[in-house]
Amino acid sequence: MKKRLVLWSGLGVAALLATIGTAWVLSLPPSPDVGAAPPIAKEEADAMLAALKPPKRQRPLIAIVGINDATETTDYLMPYGILQRADVADVVALATKPGPVTLYPAFKVVPDMTVADFDTRHSDGADYVIVPAMSRDDDPVVLQWIRNQAAKGAFVIAVCAGAKVVGAAGLLDGKAATTHWYYLDKLREKHPAIRYVADRRLVVDRGVATTTGISASMPMALTLIEAIAGRDKAEAVARDLGLPHWDARHKSDAFTFTRPFALTAIGNTLAFWSREQLGIDLRPGADEVSLALVADAWSRTYRSRAVTFARTEDALETRSRIRIIPDRVATSWSADHLLPAIGSQRPAQALDQALQGIAARYGMPTADLVAMQLEYRK
């Protein structure tokens with residue numbers, strides 16, 4: 001009798017949870033708003049560029065900070081690669097302690113130095129500090145270092161969910177800001193003094209800038225290049241990236257938790273038996289921006305994870321001289337699970353091709369799922 005009671009109780013709880021889950025999924029909107037993003041007035045764009053002018057040096061010093069345990073791949077590598085190729089500033093990749101930085105959802109990299117080393121070499125601080133998303137928002141070393149840099153006059157730029165870290169440092173209170181759509185409610189709940197600005201990829205307010213999703217690193221970096229070195233330089237870098245147009249315009253309503261998003265994520269998660277590891281052949285001189293976008297996209301399908309392999313266990317230098325440690329030492333990879341080589345593709349095209357490949361392999365709903373996570377309109 002007791003066993004039967006436990007069995008029926010378990011079935012009842014399972015049925016209740018299934019009912020609640022079904023009701024929640026059905027309550028979600030069926031599709032996002034895909035209308036055109038509102039334009040940015042010239043006065044607003046000019047004011048943004050003026051606010052982003054280098055605060056200290058003629059050739060600025062830009063520090064990108066991460067925690068060793070887990071920092072977001074594209075948030076860390078994409079600003080580094082774009083700003084390095086522009087050659088309008090000195091750019092350094094930092095970690096909170098010695099050793100490599102584990103990025104998520106893919107890659108492990110060797111930073112240029114620790115925050116302590118940076119402080120020793122540059123006691124007057126950076127011109128700009130770029131803060132990626134991190135696995136935790138309360139790392140005491142990062143928070144104190146960001147506060148110290150801001151006190152020394154550095155302009156602090158939060159990429160994507162890096163706004164949660166900057167908010168935890170107390171630098172967003174009373175300021176206009178944005179962040180990745182998935183974390184917006186949590187950010188506003190934790191920091192009610194923040195004034196959220198919709199329909200903007202990039203929001204600048206009194207020494208702090210915030211951006212929307214992961215893909216916002218491209219327009220953010222280009223806007224910063226324009227503020228430092230002018231429009232012609234920014235346009236030249238944009239052509240190199242394969243990005244014909246950019247500005248702060250955004251359609252916030254196009255990115256939200258929808259029924260197709262939830263159903264695809266749940267379905268792909270439940271299909272655990274078909275999860276794949278897909279290899280990226282890591283070669284010296286590879287474009288780290290394209291690498292980051294491709295690995296990030298394929299690792300967000302809930303069906304696959306991108307891993308790097310190389311013929312040596314040593315870290316390999318990318319185009320912009322950041323060192324990536326391969327996940328595997330191998331001379332080859334199964335052809336069925338090998339991602340296309342990162343050749344001469346421009347980063348924007350590499351991302352589009354990755355999304356096309358995901359659609360071909362797993363279906364368009366999964367490609368849409370990835371694009372929604374990246375906050376990218378295909």
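**Strands, loops and helix packing in the predicted model**

Pro105 lies in the loop that links strand E4 (101-104) to strand E5 (108-110). The peptide bond leading from Tyr104 into Pro105 is cis, with omega near 10 degrees. Phe107 belongs to the loop between E4 and E5 as well, and its phi is near 90 degrees, a positive value in a residue other than glycine. With a relative accessible area of 5%, Phe107 falls under the 20% limit and is therefore buried.

E2 is joined to E4 by two bridges, and the two strands run parallel. Within this pair, Thr71 is placed opposite Leu103 of E4.

Arg321 sits in the loop between strand E15 (316-317) and strand E16 (323-324). Like Phe107, which has a positive phi without being a glycine, Arg321 shows a positive phi, here of about 70 degrees, although it is not a glycine. How accessible is Arg321, buried or exposed? Its relative accessible area is 53%, which is over the 50% limit, so Arg321 is exposed. Phe107, by contrast, is buried.

Strand E3 (residues 90-95) brings together another set of pairings. Five of the six residues of E3 are buried, leaving the strand mostly covered. Strand E1 (residues 61-66) pairs with E3 in the parallel sense, over six bridges, and Ala63 has Val92 of E3 as its bridge partner. E3 is also joined by two bridges to strand E6 (residues 113-114), and these strands run parallel. Here the bridge partner of Ala95 is Thr114 in E6. In general, strands of a sheet pair through backbone hydrogen bonds, either parallel or antiparallel.

Turning to the helices, helix H3 (residues 73-86) packs against helix H9 (residues 231-241) at an angle of about 125 degrees, and their axes are 10 Å apart. The crossing of H3 past H9 is right-handed. On the H3 side, the contact is made by Ile82, Arg85 and Ala86, and on the H9 side by Lys233, Val237, Asp240 and Leu241. Sorted by class, the contact between H3 and H9 comprises four nonpolar and three charged residues, with no polar ones.

Eight of its eleven residues are buried, so H13 is largely enclosed by the rest of the structure. The buried residues are Thr366, Ala367, Leu369, Val370, Ala371, Met372, Gln373 and Leu374. Just beyond the end of H13, Glu375 adopts a positive phi of about 55 degrees.

Definitions and conventions: Residues numbered from 1 in each chain as written. Predicted model: local features only at pLDDT ≥ 70, side-chain atom pairs only at ≥ 80, totals over all residues. Heavy atoms only, no water. Buried < 20%, exposed > 50% of the residue type's maximum accessible area, 1.4 Å probe, protein only. Helix = DSSP H or I, 4+ residues; strand = E, 2+ residues; numbered from the N terminus. Pairing = 2+ DSSP bridges. Axes fitted to C-alpha atoms, helices over the stretch in contact; angles between N-to-C directions. Left-handed = near helix turned anticlockwise from the far one by under 90°. Contact = heavy atoms within 4.5 Å. Nonpolar A, V, L, I, M, F, W, Y, C, P; charged D, E, K, R; others polar.
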